[in-house]
Amino acid sequence: MTTHDTSPLARTAAEFPRHEPRPPGAPTALQGIRVVDFTHFIAGPLATMILGDMGADVIKVEPPARGDELRYYPPAVPGLQSQGGPFVWSNRNKRSVALDLKSAEGLGIVCDLIAQADVVVENFSTGVMQRFGLDWDACRQLNPRLVYCSVSAYGREGPFADRLGFDPVVQAESGFVSMNGYPDRMGVRASSAVMDIGTAMMVSNAILGALVARERQGEGQFVEVGLFDTGLLMTGWATMQHLVTGLEPQRNGNTSPDTCPSGVFEASDKPFYINCGNDKIYQRLAAQVLDRPDLANDPMLRERNGRIERRDELFYQLNAEFGKHPWSYWQERMRTAQIPCGLVRTVGEAVRSPEAQARKLVTSIDHPELGAIPNIASPIRYARTPMADPVPAPSIGQHTAEVLSGVLGYGAPRIAELARAGAFGERTPAGTHPPAA
């Protein structure tokens, strides 16, 4: 049953242009690479989606009953079973196989997949893959060329290997929360799952590096990426600043402790952000944009540290000037003067912005149940091996029969027998009709 006319997602998709297909016959960067994906929630699935966008065949192994728990994170997508917005966002370009790993038959199927895969990625709690008999030592016996990536919270070994980790906890423990917000109140977390997203980028990079090493040296290897480790990296250069000075970073709201003026200012109609990263940019702002030679030539304001010391006074002067005209007036002048600046937008405004349109970052793609859905493009642009055309996130076990027959060469009778034995839980793989027992 389709809901082409009633789905809010399909109606939203109609706002955006259709995705432009990649050139026919063009190769992909990861053409021929197969990934067996045991990940769930955000960091792991987003990493494997990046690999899928690059053209890898990503086979997502899910529990038959509920699948990846991220499927149930709100908002639910009307017209789709077991798919919320966060899942749709992080699981395109994958095939879903629903298997009961607690059954010998389901485990056997997974071992067959791993034996001919290039990459395995998992982010279970420490010890789970060992209990299944699918840890690195076991898997490399099946496939010596395998790249096996384990994503954990605090590492797979050591005193904290048993700890669970989620994005906001790592934001807190890494020091990230302490740096963000205003100085007169408790630090705040980023609403976006920045630690998970950063970890996903590290995971995909780590896997790509291991694949290059395998190509040149002939062997696979174990790869590990920790959420907490990434969290420390995500605090930026604040870690080194602390180690150099012994001082803790302070919360500065929308201003910067390192540059000035940097922050939110108000035109007569809209707020916008300016970042004057060096003295030359400030000079252009004061002299060319504001026509204020007094601010440009002030001996103290000409230099970064002087501006930081007199930040409150300078911000008062700038806001008084900016309030005289609308954003359109200032935008033109600042673009001409090459001042880094931009509107303070909502998410909805950002995805519909001229910049997003020019880069074709949001398009609509076909969906088998909803007719069309919006798609957020990858930021990666390859000239010779363009990213794969986006395929919507799969339903639970949508491709079980397809993968078992097309990848592993199982015939219909064998798949039917596996179904009767409980390899797929209560789910009968789509496209198969097991005969009555």
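Colleague: What is the bridge partner of valine 119 in E5?

Modeller: Valine 147. The model is predicted.

Colleague: Why are strand E4 (residues 119-122) and strand E5 (residues 147-152) called paired?

Modeller: Four bridges join E4 to E5. Pairing takes at least two bridges, so E4 and E5 count as paired. The two strands run parallel.

Colleague: Which sheet holds them, and in what order?

Modeller: An open sheet of six strands, E3-E2-E1-E4-E5-E6, with parallel pairing.

Colleague: What makes strand E3 (95-98) and strand E6 (221-226) edge strands?

Modeller: Each has a single partner strand, so one side of each is left without a neighbour in the sheet. Neighbouring strands here are turned by 20° against each other on average, direction ignored.

Colleague: Which strands does helix H2 (residues 43-53) lie across?

Modeller: H2 lies across strand E1 (34-37), strand E2 (57-62) and E4. The helix runs at about 150° to E2.

Colleague: How do you know that E7 and strand E8 (residues 271-275) pair?

Modeller: The two share five bridges, in the antiparallel sense. The cut-off is at least two, so E7 and E8 qualify. Phenylalanine 265 stands opposite phenylalanine 272 in E8.

Colleague: What is the strand order in that sheet?

Modeller: E7-E8-E9, an open sheet with antiparallel pairing. Strand E7 (262-266) and strand E9 (341-343) are the edges, each pairing on one side only.

Colleague: Which strands do helices H15 and H16 lie across?

Modeller: Helix H15 (residues 311-322) lies across E7 and E8, at about 35° to E7. Helix H16 (residues 327-336) lies across E8 and E9, at about 155° to E9.

Definitions and conventions. Residues numbered from 1 in each chain as written. Predicted model: local features only at pLDDT ≥ 70, side-chain atom pairs only at ≥ 80, totals over all residues. Heavy atoms only, no water. Contact = heavy atoms within 4.5 Å. Axes fitted to C-alpha atoms, helices over the stretch in contact; angles between N-to-C directions.
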